[in-house]
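Morning, everyone. Please have a look at the model on the screen, and then we will walk through it together.

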Amino acid sequence: MANLGCTCGRRMSSTNLPSDNIIYVFPKKGVRETLELNPDISLLDYERDYNRELEYWYCTECRRVHVVDNVPCGKVLTVYESDRGSETYSPSELPLASEPDFFYVFSEKELYDEEECDNPANLAEWIERQGIMHYYCISSDKNTVYKRELGGKYRKVYSKEKSR
Ligand SMILES: [Zn+2]
């Protein structure tokens, strides 16, 4: 998909690379399994090959994230709206599934900037350097997204839009 309209009225586009509207969600489990098989894999190779069943569209206006089926004219499956909480939680206090989904989120621009610099990090270096500040998890009911902060506590940052 090349264009998507946000609930707030803003039009998002993935035509210009890197796009401000595309974000990459790397599951921690997938990263770990990839690094076990190929510890030296480049960031670019991982990014090219990782599971792309879904696209994640980010609106720079209202910060909503749209989860979209990655097929031509794919359906918007879920919309998350920015919903920053005041409280922080330790991981054991979060309503996570028994096999929790932790993941790293990067903007397309962040990845492209790294891949195009003179000495780009490989996946392992990138995750070690950047991952900790881009580390998230989602509640077992998939309604709430938490972000890790300095000190290892988590804060609510996104909620599923109720009208969906
Ligand atoms: Zn928007």
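Start with Val145, which stands opposite Tyr158 in β11. Two strands count as paired if DSSP finds at least two bridges between them. The strands here, β10 and β11, pair in the antiparallel sense over five bridges. They form a hairpin with five residues between them. In that turn, Gly151 has a positive phi of about 95 degrees.

A word on what you are looking at. This is a predicted model, where local features need pLDDT of at least 70 and side-chain atom pairs count only at pLDDT 80 or more, while totals for chains, interfaces and linings use all residues. Residues are numbered from 1 along each chain as its sequence is written.

pLDDT is the predictor's confidence in each residue, from 0 to 100. The protein chain averages 93, and 98% of the residues score at least 70. Confidence is lowest in α2, at a mean of 90, and highest in strand β11, at 98.

Now the overall layout. The protein chain has four helices and 11 strands. Helices (H or I, at least four residues) and strands (E, at least two) are DSSP runs, numbered from the N terminus. The C-alpha atoms fill a box of roughly 45 × 40 × 25 Å, taken along the principal axes.

Back to β11, residues 154-160. What else pairs with β11? Strand β6 does, in the antiparallel sense, over three bridges. There, Tyr80 stands opposite Lys160 in β11. Strand β7, residues 88-89, is joined to β11 by two bridges, and these also run antiparallel. Thr88 stands opposite Arg155.

Next, the inside. A residue is buried if 20 or more other C-beta atoms lie within 10 Å of its own, exposed if 12 or fewer, and partly exposed in between, with C-beta atoms placed from the backbone. Buried residues make up 18% of the 164 residues. Val79 is found in strand β6. Is Val79 buried or exposed? It counts as buried, because it has 20 C-beta neighbours inside 10 Å.

Some of these residues form a nonpolar core, meaning a set of buried Ala, Val, Leu, Ile, Met, Phe, Trp, Tyr and Cys residues joined through C-beta atoms within 7 Å. The largest has 13 residues, and Val65, Tyr80 and Val145 touch the most other members. Strands β4, β6, β10 and β11 each supply at least two residues of this core. Apart from it lies another core, of 10 residues, among them Phe26, Val31, Tyr104 and Leu123.

What does Val145 touch? Leaving out residues up to four places away in sequence, Val145 touches Tyr80, Tyr136, Ile138, Val157 and Tyr158. Contact means that two C-beta atoms, placed from the backbone, lie within 7 Å. Of the contacts in the chain with a separation of 6 or more, 62% are between residues 24 or more positions apart.

Last stop, helix α4. It covers residues 123-130, and Leu123, Trp126 and Ile127 are buried. Seen down the axis, the buried residues fall within an arc of 95 degrees, so they line one face of the helix. That arc is taken from the directions from the helix axis to the C-beta atoms. An α-helix has 3.6 residues a turn, so residues three or four places apart point the same way. The face turned away from the buried side of α4 carries the exposed residues Glu128 and Arg129. What covers the buried residues of α4 includes α1, α2, β8 and α3.
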